[in-house]
Amino acid sequence: MGKQLVVGIGDMKLGRQEGTIITYALGSCIGIALYDPMIKLGALVHIMLPEKVNSDSNIFKYADTGIKETLRKLYAYGADKRRLTAKIAGGAKMFEMKGGGSMGNIGERNAQTVKRVLSQEGIRIVREDTGANYARTMSIDLQTGMVLIKTFGRPELRL
Amino acid sequence: MAIERYEDMNSTALDVFREIGSIGIGNAATALSQVLGTQVHMKLPKVSIEGYNEAIHCLGNPEEIVAAVLVEMDGDMKGIMLYMLKMDFINAILARLVNKYIDDFNQIDELSSSALEETGNIIISSYINAITKLANIEIHLSVPSVAVNMLGGILSVPIAMFGCTSDKLMMIQGEFLIGDTQLQGDLLLLPDIESLNFLLEKLGVADV
């Protein structure tokens with residue numbers, strides 16, 4: 001089992017070799033697990049909005065700044081872009097608002113932005129479990145890079 | 001002085017919102033007691049301003065399953081009303097309205113879900129009606145929507161809604177007691193920051 005790092009909302013943790021990194025109950029938010037298998041270095045970032053629009057200092061809240069900062073850290077720890085892969089989960093629409101509502105589908109916009117930013121950064125998305133209407137708890141095993149998704153009333157999913 | 005962040009509110013402003021919550025929850029309790037045909041009491045509401053992760057922990061465990069009714073507010077006050085029910089509260093409602101007992105959230109079928117939705121709708125509407133009368137403002141409510149899922153995922157909805165303007169959530173939290181038993185059900189009023197200023201000004205307490 002080893003040690004477990006917990007990632008909050010708008011937060012990021014990285015680790016190497018052993019243990020797991022987990023983030024709980026991703027709703028419209030998205031968890032992005034990045035992993036370099038050769039040096040067994042992984043990171044999990046939990047973003048909640050697509051793009052940074054103001055001078056907000058919490059860069060991990062946003063897909064664009066959060067992913068870029070996570071990659072910067074991973075490169076600093078020796079990750080190689082050609083080996084890095086991404087697995088993403090979340091982006092659900094928790095409530096079906098009849099008649100639209102001003103909230104729109106933030107989960108879907110999050111997912112689109114995450115994919116766009118990863119593609120701009122040249123990172124491959126190897127697996128994803130996004131959309132639908134339920135929350136997901138996501139964890140990455142730093143020994144193998146395997147991602148586990150837990151939901152309510154559905155079997156566990158391995159990515 | 002205009003409030004730019006939830007944390008900017010002074011104790012007078014917080015008292016105003018506690019009072020608003022108190023009037024709202026009082027009316028909601030009356031409405032709930034009519035629906036259920038039983039005595040419903042309320043606890044004095046709490047106003048809390050917490051970071052996202054702390055806000056979730058205030059209400060429970062992020063992975064804990066709850067049933068939630070969400071209504072979006074628009075007009076003079078914008079934001080979200082969220083009515084979150086745990087198992088014992090759900091059973092109290094289902095027993096009286098659809099004569100059903102569940103011991104797992106998977107057993108909430110369409111009929112149960114619409115009973116919860118309707119109860120939530122009545123509670124939230126009476127809460128908001130009381131506020132609109134008090135402050136002489138107009139608030140439009142969306143059609144309610146129900147979700148049964150992880151607490152953390154449900155709270156991600158208001159968190160994402162206010163995420164651009166705040167790192168914290170302001171929750172005006174009310175609780176009901178049915179008969180003598182305290183049942184776990186949280187009624188949360190989550191206003192956006194702009195509405196706070198409007199409401200304080202409207203009530204004549206903006207400059208205290």
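In the predicted model, chain A contains an open sheet of five strands in the order β2-β5-β4-β6-β7, with mixed pairing (strands being DSSP runs of E of at least two residues and helices runs of H or I of at least four, numbered from the N terminus; two strands pair if DSSP finds at least two bridges between them). The edges are formed by β2 (11-16) and β7 (124-130) of chain A, each of which pairs on one side only, and the twist averages 15 degrees from one strand to the next (axes are lines fitted to C-alpha atoms, for helices over the stretch in contact, with angles from 0 to 180 degrees between N-to-C directions). Strands β4 (residues 30-36) and β5 (residues 41-47) of chain A pair in the antiparallel sense over seven bridges, I30(A) having I47(A) in β5(A) as its bridge partner. Helix α1 (residues 63-76) of chain A packs on the sheet, where it touches β2, β4 and β5 of chain A, and its direction makes about 165 degrees with that of β5(A) (contact means heavy atoms within 4.5 Å).

The contact between the chains takes 32 residues from chain A and 35 residues from chain B. Chains A and B bury about 2,600 Å² between them, 66% of it on carbon and sulfur atoms (accessible area, 1.4 Å probe, lost on putting two parts together, summed over both). One salt bridge is counted between chain A and chain B, and K61(A) forms a salt bridge with D167(B), with the closest N and O atoms 2.9 Å apart (side-chain nitrogen of Lys or Arg within 4 Å of a carboxyl oxygen of Asp or Glu).

Local features need pLDDT of at least 70 and side-chain atom pairs count only at pLDDT 80 or more, whereas totals for chains, interfaces and linings use all residues. Residues are numbered from 1 along each chain as its sequence is written, chains are lettered from A in the order in which they are written, and side-chain values use heavy atoms, with hydrogens and water left out.
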